[in-house]
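Take a walk through this model, from its overall division down to single residues. Keep the coordinates open as you read.

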Amino acid sequence: MKKSALLFCIILGLFSCNQNKDMGNNRITIQNFQNYDQHSFAKPQEALITHLNWDAIIDFDRKTIQAVAQYDILKYPKSKKIILDTKNLDIQKVWRNQNDSIEYELKEINELLGQALHIPLSKDTKTISIQYKTSPDAEALQWLNAQQTTGNSPFLFTQSQAILCRSWIPIQDSPGIRFTYEAKVKVPEGNLALMSAENPKEKDTTGYYSFKMQQPIPAYLMALAVGDLEYHKTGSETGIYAEPATMEKAIADLEDLQSFLETAEELYGGYRWEQFDVLVLPPSFPFGGMENPRLTFATPTILSGDKSLVSLIAHELAHSWSGNLVTNATWDDFWLNEGFTVYFEYRIMEALYGKDYSEMLASISLKELKQESKELIDNGNAKDSHLKLDLEGRNPDVGMTAIAYDKGYFFLRKIEELTGRERFDNFLKQYFNEYTFESINTEQFLLYMEQNLFGKNDIELPKDLFSNWVYGAGIPDNLPEPNSERFRKVENSIAKWLNTGNIDTLKTQDWSTHEFLHFFHQMPDSIEYTEVKALDEKFDFTISGNAEILTEWFLLAIKKDYRTAYGAMENFLVNTGRKKFLMPIYSELVKTETGKRLALNIYKKARQNYHYVSYNSLDKLLNYSTD
Ligand SMILES: [Zn+2]
């Protein structure tokens with residue numbers, strides 16, 4: 001650690017600069033750009049965007065967005081150009097200030113990163129404007145026809161993380177670069193438009209909507225959704241957007257949003273984004289949730305009817321501090337976003353539902369961490385099990401593994417164990433305050449923690465702590481073990497069932513989804529087809545409405561060739577786009593020849609319902625080509 005701390009100081013000394021621009025309460029500063037981001041062409045140390053004015057027309061028929069993006073920029077006096085990231089955009093015209101039309105340069109195509117857009121600057125350039133159109137297969141955008149939604153209306157949503165914002169807005173697409181924005185969006189009548197900004201609560205008959213985001217955000221938090229949506233208020237600062245057919249279900253699971261927000265604020269200080277709403281998307285949304293500021297995007301697969309999957313909302317809410325307020329400077333530092341957020345998610349769940357509840361979540365994290373860490377090491381990718389990643393030349397999505405999330409979580413839990421909860425909480429509050437609306441890399445964080453947590457409290461920093469956890473492979477020996485009484489009861493229950501052969505000994509009345517998941521994880525490989533059948537007869541797993549339970553059940557059904565579940569599985573795969581469920585089910589299917597054929601048959605029907613993020617991975621898994 002000492003070495004990287006020293007390196008950091010040298011770099012900071014060379015590049016730090018006090019040039020800044022006052023943006024109301026939020027200061028955007030040219031600083032911290034010593035973090036070279038290999039996933040962006042932008043050179044923020046020369047010139048950077050500080051504010052976006054976005055004017056757009058949404059065309060469902062052509063599946064395109066026609067737009068003008070105007071930027072306020074900040075540049076060094078000698079800078080001759082500004083560089084933006086673009087991908088698959090049709091750039092029509094570029095001008096400086098009001099109408100100074102200029103020649104620009106669109107550089108060669110890089111398959112991963114897209115194309116750099118070089119715009120020359122003159123001495124008096126204050127703004128640049130770009131008129132452009134998106135491509136119908138822009139990677140961030142998913143256009144759903146009416147049949148693919150729960151209503152009778154088409155739907156559009158974006159997913160910008162990690163480096164997809166550039167496929168719908170020409171932008172400096174790096175998590176280290178922040179800007180504020182305003183937008184005017186025209187959508188077809190009958191639709192509501194929403195962004196990661198101050199949002200309308202009801203439809204406007206003209207189809208024109210205006211937006212404002214006053215807190216500076218990085219490009220990966222740019223978001224837009226358009227559809228037949230309505231709003232339901234759940235508290236003074238919280239509410240739900242959903243399609244009318246989904247709203248009732250959404251309210252049943254998400255009615256406690258306000259108490260989530262208040263609990264989070266008690267733990268880590270005031271919420272800085274004013275409003276926290278959740279948008280429940282159609283089922284093709286590829287992630288569980290996306291922490292778009294002011295408007296979390298969520299999969300409908302968390303609506304289980306018994307609130308047992310709402311820890312996902314706690315997770316997205318936690319990102320309002322870790323990720324959105326203090327952001328990873330590059331995707332190599334992704335654990336700073338996700339490890340903190342998992343830690344914070346479990347603390348919110350502990351405060352709301354008790355330690356025996358949050359320890360179940362931590363135990364599931366440990367299981368996933370062990371599995372993924374082993375896979376990475378066995379496949380010769382040990383370096384990808386370091387918290388600090390090196391994603392040069394690769395899609396940052398590669399880093400979205402249990403390492404960033406769960407190893408990150410256990411590292412922070414280890415720090416809590418070493419320093420005590422009270423000190424650690426105080427430190428975290430101070431950290432979020434210190435780096436508000438800034439981006440930070442791993443080395444900056446470690447140095448800050450060494451000084452302000454260990455140093456300040458006179459606690460010895462264990463010698464190999466950082467080298468083992470942050471720059472070392474796999475799971476360190478001193479991992480804090482979760483202790484879940486509720487899971488032990490599940491294990492006892494399984495043992496009793498298998499010893500007696502009597503399925504009625506399984507006492508599941510009080511089980512939450514997590515206990516059922518643990519039940520599946522603990523089931524021995526030796527279990528027979530007849531036992532699988534008996535389980536289905538007793539618990540009706542095949543027709544469960546809970547996507548987490550269904551996924552585990554389908555995995556078991558495939559292993560034991562329990563075909564009764566296959567119809568439901570096909571239905572699930574065709575109608576759900578969440579990558580977390582798709583990958584394990586398809587992966588289990590392709591292990592046998594018959595399974596592979598079945599997988600391909602289903603995939604041909606299902607693929608059109610998946611977002612790029614999901615089908616990009618599945619095409620590879622299934623060796624599927626659209627040519
Ligand atoms: Zn997250």
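Start with the separation of two parts: the centres of domain 1 and domain 4, taken over C-alpha atoms, are 37 Å apart. The model is a predicted one, in which local features need pLDDT of at least 70, side-chain atom pairs count only at pLDDT 80 or more, and totals for chains, interfaces and linings use all residues. Residues are numbered from 1 along each chain as its sequence is written.

The protein is divided into domain 1 (39–225), domain 2 (229–320), domain 3 (326–469) and domain 4 (525–621). These bounds come from an automatic or database domain assignment. Domain 1 and domain 4 do meet: four residues of domain 1 are in contact with four residues of domain 4. Contact here requires C-beta atoms, placed from the backbone, that lie within 7 Å of each other. On the side of domain 1 that touches domain 4, three residues are polar, one is charged and none is nonpolar. In this scheme Ala, Val, Leu, Ile, Met, Phe, Trp, Tyr, Cys and Pro count as nonpolar, Asp, Glu, Lys and Arg as charged, and the others, Gly among them, as polar.

The largest nonpolar core has 166 residues. Such a core is a set of buried Ala, Val, Leu, Ile, Met, Phe, Trp, Tyr and Cys residues joined through C-beta atoms within 7 Å. A residue is buried if 20 or more other C-beta atoms lie within 10 Å of its own, exposed if 12 or fewer, and partly exposed in between, with C-beta atoms placed from the backbone. Cys-165, Leu-194 and Leu-279 have the most contacts inside the core. Helix H5 (residues 334–353) gives the most to this core, with 10 residues. Helices (H or I, at least four residues) and strands (E, at least two) are DSSP runs, numbered from the N terminus. In soluble globular proteins, nonpolar side chains tend to be buried together.

What does Cys-165 touch, leaving aside its neighbours within four places in sequence? Its contacts are Ala-140, Ser-160, Ile-171, Asp-173, Ala-219, Tyr-220 and Met-222. Gly-305 is elsewhere: 140 residues from Cys-165 in sequence and 34 Å in space, C-alpha to C-alpha. Gly-305 sits in the loop between strand E21 (295–298) and helix H4 (311–318). It counts as exposed because 11 other C-beta atoms lie within 10 Å. Not counting residues up to four places away in sequence, Gly-305 touches Ala-252, Asp-253 and Gly-545.

Helix H3 (residues 257–268) has 12 residues and reaches 17 Å from its first C-alpha to its last. That is close to the 16 Å expected at 1.5 Å a residue, where the expected span is 1.5 Å times one less than the number of residues. Leu-257, Phe-260, Leu-261, Ala-264 and Tyr-268 are its buried residues. They cover an arc of only 95 degrees around the axis, so they lie on the same side of H3. The arc is that of the directions from the helix axis to the C-beta atoms. Just after H3, Gly-269 takes a positive phi of about 95 degrees.

In helix H12 (residues 513–522), the buried residues are Thr-513, His-514, Phe-516, Leu-517, His-518 and Phe-519. They pack against helix H6 (355–378), helix H11 (485–500) and helix H14 (547–559). Leu-555 belongs to H14. It is partly exposed because it has 17 other C-beta atoms within 10 Å. Leu-555 touches Pro-584, Ile-585 and Glu-588, not counting residues up to four places away in sequence. The C-alpha atoms of Leu-555 and Pro-584, 29 residues apart along the chain, are separated by 7.6 Å.

Finally, the backbone. Most residues other than glycine have a negative phi, and most peptide bonds are trans. A cis peptide bond joins Gln-161 and Ala-162, with omega about 5 degrees. Ala-162 lies in the loop between strand E12 (155–158) and strand E13 (178–186). Phe-437 is not a glycine, yet has a positive phi of about 55 degrees. Phe-437 is in the loop between helix H8 (421–434) and strand E23 (438–440). Asn-623 also has a positive phi, near 50 degrees. Asn-623 lies in the segment after helix H18 (612–621).

Terms used. Two residues are in contact if their C-beta atoms, placed from the backbone, lie within 7 Å.
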